[in-house]
Amino acid sequence: MCFLSSLNVQTNKKIIFSHLQVAIFAYDSATVPGTEATRELIPHMPIASDSVFIYRPDRRLQVWRFLSYMFLHANWFHLGFNVVIQLFYGIPLEVMHGSARIGIIYCAGVFAGSLGTSVVDSEVYLVGASGGVYAMLAAHLANITLNYRQMRYAVAQLLSVLIFGKFSLIFISI
C-alpha cells in the first residue's frame with residue numbers, strides 16, 4: 001500500500017510540472033508578439049525570441065534564462081516528445097529515488113545544456129527541455145546498469161532508453 005501512495009504523490013508532481021511546461025509554452029506562443037527581425041533569427045519556431053524565457057546569448061546576464069528556456073519549445077511536437085519522455089522515464093525514477101534527486105538531475109541537465117551551448121556556440125538561442133530529458137535518460141541508463149540483476153525487465157528498459165535516445169538524435173538532425 002505504501003508503494004501505491006508513493007506512486008500517486010510522485011505521479012502528481014511530474015504531471016503538474018509537465019502541465020506547467022505546456023501552459024507556459026501555450027501562453028508565451030499566444031501572447032509574445034514577434035517582430036520581423038526576431039522571426040528572421042528563428043524562422044522555424046512559433047515563439048518570438050523576445051520572450052523572457054528563451055535563452056539568448058546577448059542576454060546572458062539575465063541568469064534565469066539558463067533554466068527558464070526549458071519551458072519553451074520549438075513547436076508542439078518538440079513539446080510533446082519532451083513531455084512524453086519525461087513522464088515515461090521520470091515517474092519511475094522519482095518513485096525509486098525521490099522527487100528532489102530527480103529534480104536536481106533534471107535542472108542540472110537543463111543548466112549544463114545552456115552553459116555548454118553558451119561556451120561552444122555563443123550565437124545560438126535555446127528552447128526546450130532536452131538537456132533535462134537527456135539527463136533523465138542518462139540517469140535511467142545508470143539506474144539500469146547499477147541494478148541490472150535486480151530489475152524485472154532490464155533488457156526491455158535498456159532497449160527503450162536506446163530507442164528513445166536514437167529517435168531523439170534523429171529528430172535533432174532534421
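**Notebook: helix 4 and helix 5**

I first looked up where two neighbouring elements touch: Gln86, Leu93, Glu94 and His97 in helix 4 meet Ser99, Arg101, Ile102 and Tyr106 in helix 5. Contact here means heavy atoms within 4.5 Å. By class, I find three nonpolar, three polar and two charged residues in this contact.

The model is predicted, with local features needing pLDDT of at least 70, side-chain atom pairs counting only at pLDDT 80 or more, and totals for chains, interfaces and linings using all residues. Residues are numbered from 1 along each chain, and side-chain values use heavy atoms, without hydrogens and water.

I then looked up the packing. Helix 4 (residues 76–97) and helix 5 (residues 99–120) lie at an angle of about 135 degrees, their axes 7 Å apart.

Ser99, Ile102, Tyr106, Gly109, Val110, Ser114, Thr117 and Ser118 are buried. They cover an arc of only 160 degrees around the axis, which puts them on the same side of helix 5. The face turned away from that side carries the exposed residues Ala100, Arg101, Ile104, Val119 and Val120.

Lastly I noted the whole protein. It has seven helices and zero strands, where a helix is a DSSP run (H or I) of at least four residues and a strand (E) one of at least two. Of its 174 residues, 39% count as buried.

How values were computed
Axes are lines fitted to C-alpha atoms, for helices over the stretch in contact, and angles run from 0 to 180 degrees between N-to-C directions. Ala, Val, Leu, Ile, Met, Phe, Trp, Tyr, Cys and Pro count as nonpolar, Asp, Glu, Lys and Arg as charged, and the others, Gly among them, as polar. Buried means under 20% relative accessible area, exposed over 50%, partly exposed in between (1.4 Å probe, protein chains only). The arc is that of the directions from the helix axis to the C-beta atoms.
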